[in-house]
Structure formats: structure tokens, C-alpha cells
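Hi there,

Here is the structure I promised to pass along. Have a look at it first, and then read on for my notes on its aromatic rings.

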Amino acid sequence: MADIKRETKETKIEVSLNPYGSGKYDIKSEIGFFDHMLESFTKHSQMDITIRCKGDLHVDFHHCVEDIGIVLGQAFKKEVFPISSIERFGEATIVMDEASVTSTLDISNRSFLYFDLPLEGKVGEFDTELVEEFFRAFVLNAGITLHTTFNRGKNKHHIIEAAFKSLAVALRRALKKDEKLGVLSTKGVL
């Protein structure tokens with residue numbers, strides 16, 4: 001279980017993460033829609049995640065969302081690397097009613113994000129542009145390559161939730177243990 005804390009002038013965050021859990025969550029970011037997305041992510045990844053965040057919400061949600069991505073990514077990297085005996089690659093397409101989003105990833109220790117979701121405006125009080133900020137912060141700090149691609153959809157809530165769930169399921173598949181695999185790299189290390 002990785003326990004990571006981060007405190008800045010803008011946010012105070014504590015994260016605990018077990019990548020091989022059962023999907024238990026205790027998440028309090030003070031941002032309702034974002035909590036819902038993180039809870040969905042936790043349940044479908046089967047990780048156990050606790051998040052506490054206090055931040056400058058009087059400014060907007062940006063600092064909290066990005067910093068949670070940073071700390072969650074750091075906790076993931078601390079628990080997973082150096083990798084060995086896991087599938088390494090994962091992919092999932094998730095549908096939510098009319099929406100469909102695909103996430104394809106590589107737990108490679110090389111951070112890269114391709115993010116293609118048509119998001120503008122808000123879901124409730126949540127600025128949809130913050131979804132990409134969270135994904136970028138998580139990926140850069142987790143050491144993974146992630147391609148998240150919009151297939152179809154109109155409802156922003158559905159599109160965003162499909163993105164979080166597709167990331168979760170792709171991670172769960174990539175983290176699948178198989179002792180005979182060793183390190184899946186011709187370099188011998190990732």
C-alpha cells in the first residue's frame with residue numbers, strides 16, 4: 001500500500017493506493033462529480049484507493065483535480081515499479097448508453113498521453129477540460145503511456161465516465177499477474 005502526501009499553497013492531499021485490492025474506495029475531494037469519477041475508476045480497476053483533498057475551491061477546481069492526478073500517479077508508480085510478471089499492456093472499450101471510449105495503455109515507465117475527447121463546457125459545476133488535466137497529471141507521474149480515444153457519444157457525463165472506466169479496466173488488465181512473463185521487454189527492464 002502506497003501512502004503519498006502533497007501539500008502546496010493551493011492543495012493538501014493524502015492518497016493511499018493498493019493496486020491489487022478489491023475496488024474499495026473512500027474518496028473526498030470536495031468536488032462531487034470528480035468524486036463520482038474517481039469512485040468509478042476505483043471500482044472498475046479493482047484497486048483500493050483513499051483520497052483526502054483540501055484545496056482552493058474558491059478559485060476553481062483546477063488545482064485539486066490536477067494535484068490529485070499527480071499524487072495518485074506517484075502512488076501508482078511507487079507500488080507498481082519496477083514491473084515484472086504482469087501483462088504490461090491493457091485495452092478496454094467502455095460504453096455508457098450512447099457513449100463509447102477506448103483506452104489503450106502500456107505500463108512502460110515512459111509517460112505519454114494521447115487524449116481525444118470532445119469536451120467543452122461543464123457537467124454540473126465541473127469544467128470538462130479538467131478531465132484531460134487529471135489524465136495528464138496521472139499518466140506523467142505514473143510512468144504509463146495512455147491513448148484515450150472517443151468513439152461516439154453526446155452526453156458529456158457519459159463520455160467522461162466511459163473514459164474513467166476504460167482507463168480503469170485497461171489498467172486492471174495490464175496489471176494482471178503472470179509469473180512466467182518476467183519483464184516483458186527486450187531491454188530486460190522498464
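To start with a question: is F41 buried or exposed? F41 is buried, because its relative accessible area is 2%, under the 20% cut-off. Please keep in mind that this is a predicted model.

Now for the rings in general. The structure holds 10 aromatic pairs. One of them joins F41 and F138 edge-to-face, with 6.2 Å from centre to centre and 75 degrees between the planes. This pair links distant parts of the chain: F41 belongs to helix 1 (residues 32–45) and F138 to helix 3 (residues 130–142), 97 residues apart. F138 is buried too, with a relative accessible area of 2%.

F115 sits in strand 7 (residues 112–116) and F135 in helix 3, so the pair ties together parts that are 20 residues apart in sequence. F115 counts as buried at 14% relative accessibility, and F135 counts as buried at 1%.

One last item concerns a charge and a ring: K77 lies over the face of F81, at 5.8 Å from the ring centre.

Happy browsing, and do write back with any questions!

Best wishes

Terms used. Residues are numbered from 1 along each chain as its sequence is written. This is a predicted model: local features need pLDDT of at least 70, side-chain atom pairs count only at pLDDT 80 or more; totals for chains, interfaces and linings use all residues. Side-chain values use heavy atoms; hydrogens and water are left out. Rings of Phe, Tyr and Trp (its six-membered ring) pair if their centres lie within 6.5 Å; planes under 30 degrees apart count as stacked, over 60 as edge-to-face and the rest as tilted. Helices (H or I, at least four residues) and strands (E, at least two) are DSSP runs, numbered from the N terminus. Buried means under 20% relative accessible area, exposed over 50%, partly exposed in between (1.4 Å probe, protein chains only). A charge sits over a ring if NZ of Lys or CZ of Arg is within 6 Å of the ring centre and within 35 degrees of the ring normal.
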